[in-house]
Amino acid sequence: MITATEDNEYYELTSPTALPKASGFLWNEKMMIHMNCRGYAVAQYMQPEPAKYSHAPNLEAKTFMQPEQPYYAHHPGRFLYVKDEESGEIFSAPYEPVRALPEQYTFAVGKHDILWKIRNRDILIEMSLSLPKDDTMELWRVKVTNLSPNRRKLSLYPYYTVGYMSWMNQSGEYNEQLQGIVCSSITPYQKYQDYSKVKEMNDKTFLLADRRPAAWEVNHEAFEGEGGIASPSAIHREELAKGEARYETPVAVLQYRLDLEPGAEESYRFLFGPAHNEEQIAGIKQKYFGGEDGFAAAEREYEEYVAEGRGCIEIATPDADLDNFVNHWLPRQMYYHGKTNRLTTDPQTRNYLQDNMGMSYIAPDIARNAFLTALSQQEASGEMPDGIILHKDAELKYINQVPHTDHCIWLPVCLSTYLDETNDYSLLEETVPYVGGKESGTVREHVDRAMNWLIQARDERGLNYINQGDWCDPMNMVGPKGKGVSGWLTIATAYAFSTWADICERSGKPEVARQYRLAAEETNAVANEYLWDGEWYARGITDDNVLFGISTDKEGRIFLNPQGWALMSGAADETKRKKLIQTVAEQLESPYGVEKLAPSYTSMREDVGRVTQKHPGSAENGAVYNHAAAFYIYALYLTGEQENAFRLLRKMIPGPDAEDILRRGQLPVFIPNYYRGAYRQYPKTAGRSSHLFNTGTVPWVYRSLIDGLFGLQGTPEGIRVRPQLPAEWQKAAVKRRFRGAELKVTFKREPEVKAVEVYLDGILAENGLIKDMQAGTAYEVLVKIPQ
């Protein structure tokens, strides 16, 4: 039912009903499309804020992507109706909206395109979706083949949802010169001052075809008639009515007539997307359909664009499915985040920094510039903003208007990965202005101020204030009065101090390093005094001085993040480590990963906030929230808990057995924001994927693989090899690209070896350190591991 192709370029699904939400996504730096196996789509583009060109049948809010996206009959989609002109029978591809079960079905998610092959009534439909590298539109191919021994007369109806565009003004018509449908609207506005922005928007949606249709329909209601979307009245007539929409909901439907001999085929190409005016659409038509084959050239260019996002490791282990995911899909997801900034003009600071932590492995120049951009928006006090402005007309929106207190800690944490990969300590001496431009300082001084801000933003006990949230956005009612504190942030601050101390020491600032190591020790001591609950660390203390996330709480008794970060920061000594790891296993681990908190809240707790209002087991309220799980996995590797770490890491990826994939409902082509949790409370829905591929999880998983599992972390001198392979692996191999060199690393368990031995080109490397590597040179590394 679910297999990878032989070259691992695609994952294929052979049923449209077994995993009805199975999907893939494509993007460029101006748009994104999340494409469902059954033909439903969620697409958005930037102008400069997120906008849509394919709408639902009701007025939609402009907001972020939704988890567990509900699909319904009139959800926006890309469909192809097929009618047998002789029998009158119809079916649709990929599957919706007719839902006629095909004789054969393949949905294939690739890195640069998404494909379908559907055989129904001896007609083969092949469809493909790709994007251009720079333009905002979808590139579609459709091929129809007659597999029967008889001549077939068919009508094809490509159907592209336009939907309810605007309550002010919407229309649509077929344009003979453009050979396509153009739908127009006016973005609603109230303030006359907004008109200057609105008039420049791309308020047209077009469907262009490379072949002239026999007929068309642009009026959604007229197309469906009494038959509805599953059996539209217009299709049961000989020819579409060539209608238009006049302040009515438009749709883009074309009709093609085919007369196919046995074995004959016909091919079509379509462009679907937004535009500002018909002149622009005419230019698009000329570029992609006129003269040289611009359509095929765009597909090739996009393939090359996506290929630029290859990771810095390729692995070969006893787990072939893990290899496939790590080699092909994980870096792709990481690249998407770093290249698009999640398609927002004001990414949350923590997201922006962590996404570029991931880009340190793929495109370090992009990461470097991102760190400088973020620091240029830092207050002179050292405080980091809630979001990073990336466009001159952007402003902080949504959650970025709510004050959070964690953004400073991500500076040293994320910079450390960049420095490990590049050894570019010159970055620390770059001069960057503070917001407003009245003061400037080196990157080093900026981070110092951020660390000192964390020291100042504390109560009399030395615990860090939470205000209206930390990493957990919806924990908004712990500290709005200015007294509540975050247990996690206090512990994470200690880790940030320790990480910054390491960076300072490596860059020739030993006195500063000692200062921050002392601050880390003092912060850890405070955490142990006020937050240790006997078996684990509390999550925080409310404005009313109520400790929560402790053993006496009936709900939200234990939170994952303080435990993992206590392992990172060193707050937990050996005794505490054993206790909290055992407790996490007992209370938070599920078959689908480790949950963020347990038991999940079932009703509002007003001194904690809206996180408690989310459905139990969803999102931050007790889901297997993969971002938090990745923190914990990384922490386990830092403390040598390699078996626990790998077990939990492997649970992030659907499969490999079919039962697990069916439970999650997702192909193993990305790590979702979460899988449903509350396993002990609601086991029926536990494990279900959110299908949301925007997540800070992926760079932490990559970091866990490099620093932890394979132990190939960079140092100023080179790479220190400290593998933590699971005991059952007798061998593994990794190609590691590092500072322009390539290492071919072979790991083998040897019965006579007492400790890890590392050989570089046959010579024993002292302390497992591989150094003096030259860019452009390949090296052979053998790592012998005790049995």
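Author: Residues are numbered from 1 along each chain as its sequence is written. In this predicted model, local features need pLDDT of at least 70, side-chain atom pairs count only at pLDDT 80 or more, and totals for chains, interfaces and linings use all residues, while side-chain values use heavy atoms, with hydrogens and water left out.

Reader: Why is Ile-186 called partly exposed?

Author: Ile-186 has a relative accessible area of 33%. Buried means under 20%, exposed means over 50%, and partly exposed is in between (1.4 Å probe, protein chains only). Ile-186 is therefore partly exposed.

Reader: What makes Asp-761 partly exposed?

Author: The relative accessible area of Asp-761 is 47%, so by those limits Asp-761 is partly exposed.

Reader: Which residues make the nonpolar surface patch of about 470 Å²?

Author: Leu-59, Trp-167, Met-168, Ile-186 and Tyr-247 make the patch. Like charges are joined within 9 Å, and nonpolar side chains (Val, Leu, Ile, Met, Phe, Trp, Tyr) within 5 Å.

Reader: What is the phi of Asn-423?

Author: Asn-423 has a positive phi of about 60°, although it is not a glycine. Most residues other than glycine have a negative phi.

Reader: Which peptide bond has omega near -10°?

Author: The bond from Gln-47 to Pro-48 has that omega and is cis. Most peptide bonds are trans.

Notes
Patches are made of residues with over 30% relative accessible area and no salt bridge: like charges are joined within 9 Å, nonpolar side chains (Val, Leu, Ile, Met, Phe, Trp, Tyr) within 5 Å. Accessible areas come from the Shrake-Rupley method with a 1.4 Å probe; for residues, only the protein chains shown count as cover. A salt bridge is a side-chain nitrogen of Lys or Arg within 4 Å of a carboxyl oxygen of Asp or Glu.
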